[in-house]
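Keep the sequence and the 3D view open while you read, and look up each residue as it comes along.

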Amino acid sequence: MTAAVPAGVGPRGPAPGRAGLLSRRLASTTAGHYVIWAVALLVLVGPVLAVAAAALWSTPLYESGGHLTLDNFRDLLGDPTWWRAVGNSFVFATISTLSSVTLGVVAAVLLTRTNLPFRRLLTGVFVLPVLLPGLVLVVGWMATWAPSGYVTSWLELNTVLTFPIDLYSLGGMALVATSVAAPTVFLLCRTTVLSIDSSLEDAARSAGAGPVRALLSVTVPLLRPAITNSTLLVFAVVFEVLGLPLILGFSKNITLVSTYLYDHWINGTSAEQGVVAAGALFLLAFVSALLVVRNRVVGDTGRFATVMGKSSAKRLVDLGPWRWPLAALAAGVLVVLVVVPLVGVVASSLTSIFSPLISPWSVLTSDNFEAVLDNPVWMDSVVNSLLIATVGGLVATVVIALLSLVAHRSEFRMRGSLQQAMLWPRMMPGLVCGMAFFWAFVLLDPTDTLRGSLWGLGLAFAVRSLAVGYSAFYPALAAIGRDLDLAARVSGAGWWRSMISISLRLSIPAMATCFVLLFVSMLNDSDPAVFLVTDETPVMGLTMLQLAATSTGGAVAAFGVIQMLLTVAVLALGRLFLGKRIHA
Amino acid sequence: MPDLTITGLAKSFGDNAVLHDLDLRAEDGELFTLLGPSGCGKSTTLWSIAGLHPPDRGRIAFGDRVVFDDRRVDVPPEKRNCGVVFQSYAVWPHLTVHDNVGYPLKLRKVSRRERSERVAEVLELVELGGLEGRYPHELSGGQQQRVALARALAHPPDLLLLDEPFSNLDAKLRERARDWLRILQQRIGVTTVFVTHDQDEALSMSDRIMVMDRGRVRQVGTPEEIYHQPADEFVADFIGTVNVLDGHVAPGADRSRVRVEGLGEPLLVSPPAPAEGAARLAIRPERIVVHPSGAPAATPNVVTVKVRSTAFLGDHYRYVVVLGDHELVVRTLTRIDHGTELTLELPPDAIRAYAARG
């Protein structure tokens, strides 16, 4: 044995006598894990308990006195308008789900597996509504397709055609919901279509089936899990949505579950707050049940599909002479659903009156944007939203990374429950999330410093967006081999050190993606703010919601365009620096 | 360098016991190999030594330093001072070769100057001198593996642990890497535990081999012992190729004479079968002697067999012959002109007799 390596450069391992020191160090790592776990559970799960408390207490929790009661539930269930709202929500969600699933699945097959002309362009236009703030599109729909809207009026004035659906009815609301939900279905199904082995279709071809027949008899049936998945998901999301029914249901007084809760909170007495909490619990239970069923059926693939651009090397099915008529049909549908509303919102923001009776070119103006810039509340909400999205997004990204590491890369005993806790907020409708934090702040923060601040609002937004970020971050973390941090451990690094210097360092690109997603989502979020916003802390999403619900006109459109431009700018920057397309 | 002692190591996942009270002792400076099929517990053993997987019971000591003892002592991996080369190499992609190798030294607060010297020294040792500034993706698979090895040797470690380090290399490179690592290990003299499922690797590199199967030790010995005197049929079958014949020792008869169905005379075996009754006879293809023109008289265990197939495999010929109810594989270095029949000699000391299982 000729020792070519002079030993003794590095210190030797510890002597046996240092075992006490070791166990203390081990204990401190574990203690850190416990603290993280406890805080995470308090913030993620705790607030819901506060809603339950508010629902079961006779007086609002911020008042003294009161007692345990079931009266709030009795009042809720005895209210006929509540039951009408539940019925409306079911009708609305059912129509929206059926139409978006049909449209989404057809599009997934047509745009990914056939030689339809311009399919890349069509795909790009189709998924646009997922990227943009939802309310902006609704404003665009109102400006163009409402009974008094630009295109509807134009058609009536100049052609024999009419737009067959009244936008201010349940059917019209469902149509608007479809334009946003169908791309979600499309993205989920497209992933499956792309992952299906084309040799399965080839086998059908060699058995004698024509190309279209093979597509319909092999690929489409294989889509069933993806269809089930998106059906349940879309139903749950549409059932809870607030902005759309609030804006479109206003004129004909159509109440859904979400608008019922909103209305009773904003316009009701403080005594009604318990009833609203009870209703929120119902909404939470129903949406959670749907999503639990979905997880059972298809596994947990994420409520928010995070799909990166992926090129397909599949052989395309030749549509033959049908390709041009089908392309024209697809383009027509997209013009109605996406292009016209978007053009409409931009046009009404740039004109003083947007009407077919007057040439838009004669009424071009920048007044609408000046009105936005001059309005201190609106500008404040832009600044506040940017603050929340930037600071909150950064903090939330770091927290998500940290929690994911403890949940997936440690030996911590409770890591399983932490994984569950991180998935939990995706079950929470935005309204419930906001209310949960409202009551939690009432219970835990009697000084009200947090509730009235941007921090409180940011916290609620962050919890609501946690699932988006986690869905984007976790796959990247899972792709980083476990060996890499184990190698750091055996090299002499403790758990925290190995996480920070290896795993976290390697997941920086994933954290950046996660940040972009959180930024966009927190920038535009509105529902939780209903319960948390104060005069000093307006945010863009809620301001937009309140404006759109009560007024129309150029200034609202201009505000929407500003919101849209900010979102697109961030996504484009993300694309530029991260080199991939991000779909939230 | 300390030796390694493991006593009574046990581990189960739920009801599935992957290690049954395993004992092991690797001597100072030895290259000790854990060999077995996948799922035999060899990796679990290695992870237990490294501290990356706590076993349920048992005791692990490096020299007189106890690193694990029935959960009363469980030194975390970062304090065990092992060097580990992972199957995937686990070379950190965001660090240069220098920083990868220097990482353990940095954690041990070695000064920058000393660290650079040491890194250069270790890289020289693994023949990667001059590549300090490269990133892992700029290196070939073989070079990455040597970076992993350099990193494992940098501290320097008390114990070197290798987890199937060659499995990601192509065949030619693997053979070179094997010889090279063996020479390096002997030069440094670090006690090394090597995990593999590849018998050629195990035979060519090890001082001693421990053959494992389903969480139990089948045999510990030098490569020659393992190959020529396998302790049981599993070891004989797992290492190299072996012909197995079903035999029988009549009650009260001489246990060195084993009857095989279809043979007139019993076969002479040395050493004798361990028990009366059913027996299994194992003989390596290359130990069977072929007598093209008949065996000399008085040669024991001469049999005449039918040739079923012949194959030329480059460096040897392979014959499949029929002996009674059994097929035998025979290897020869030269081609044998034969008719339909062939005369074979099965030397008694080439036959290992085992008690039939179950």
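Let's start at Arg214(B), which sits in the loop between β10 (208-213) and β11 (216-221) of chain B; here helices (H or I, at least four residues) and strands (E, at least two) are DSSP runs, numbered from the N terminus. This is a predicted model, in which local features need pLDDT of at least 70 and side-chain atom pairs count only at pLDDT 80 or more, while totals for chains, interfaces and linings use all residues. Residues are numbered from 1 along each chain as its sequence is written, chains are lettered from A and ligands numbered from 1 in the order in which they are written, and side-chain values use heavy atoms, with hydrogens and water left out.

- Most residues other than glycine have a negative phi, and most peptide bonds are trans.
- Arg214(B) is not a glycine, yet its phi is positive, at about 45 degrees.
- Arg214(B) is exposed, with a relative accessible area of 58%; buried means under 20% relative accessible area, exposed over 50%, and partly exposed in between (1.4 Å probe, protein chains only).
- In chain A, Asn253(A) also has a positive phi, near 60 degrees, and is a residue other than glycine.
- You will find Asn253(A) in the loop between α12 (243-248) and α13 (257-267) of chain A, and this residue is exposed at 64% relative accessible area.
- His155(B) and Pro156(B) are joined by a cis peptide bond with an omega of about -5 degrees, and Pro156(B) lies in the loop between α4 (141-153) and β8 (159-163) of chain B.
- A cis bond also runs from Ser270(B) to Pro271(B), with omega near 0 degrees; the loop that holds Pro271(B) is the one between β14 (267-268) and β15 (277-283) of chain B.

**Salt bridges**

- Side chains of opposite charge can pair when their charged atoms come close.
- How many salt bridges are there over all chains? The count comes to 28, where a salt bridge is a side-chain nitrogen of Lys or Arg within 4 Å of a carboxyl oxygen of Asp or Glu.
- Arg214(B) returns here, linked with Asp213(B), Arg218(B) and Asp232(B) in a network of salt bridges.
- Asp21(B) and Arg57(B) form a salt bridge whose closest N and O atoms are 3.0 Å apart.
- That pair links distant parts of the chain, 36 residues apart: Asp21(B) is in strand β2 (residues 16-26) of chain B and Arg57(B) in strand β4 (residues 57-62) of chain B.
- Asp21(B) is partly exposed at 45% relative accessible area, and Arg57(B) is partly exposed at 43%.
- Is Arg80(B) buried or exposed? Arg80(B) is buried, with a relative accessible area of 1%, and its salt-bridge partner Asp74(B) meets it at 3.0 Å, N to O.
- Asp74(B) itself is partly exposed, at 31%.

**A closer look at Asp69(B)**

- Asp69(B) belongs to strand β5 (residues 65-69) of chain B and counts as buried at 16% relative accessibility.
- A salt bridge connects Asp69(B) to Arg72(B), with the closest N and O atoms 3.6 Å apart; Arg72(B) counts as exposed, at 65%.
- Setting aside neighbours within four places in sequence, Asp69(B) is in contact (heavy atoms within 4.5 Å) with Gly58(B) and Arg59(B).

**A sheet in chain B**

- An open sheet of 5 strands has the order β14-β13-β12-β15-β21 (chain B), with antiparallel pairing; two strands pair if DSSP finds at least two bridges between them.
- β14 and β21 (352-355) of chain B stand at the edges with a single partner strand each, so one side of each has no neighbour in the sheet.
- Strand β12 (residues 243-249) of chain B is joined to β15(B) by 7 bridges, and these strands run antiparallel.
- Within β15(B), Leu281(B) is the bridge partner of Leu245(B).

**Confidence in chain A**

- The mean pLDDT of chain A is 83, and 91% of its residues reach 70 or more; pLDDT is the predictor's confidence in each residue, from 0 to 100.
- Over residues 1-25 of chain A the pLDDT is below 50, and this stretch has 44 contacts in the model beyond near neighbours in sequence.
- Residues 300-312 of chain A also stay under 50.
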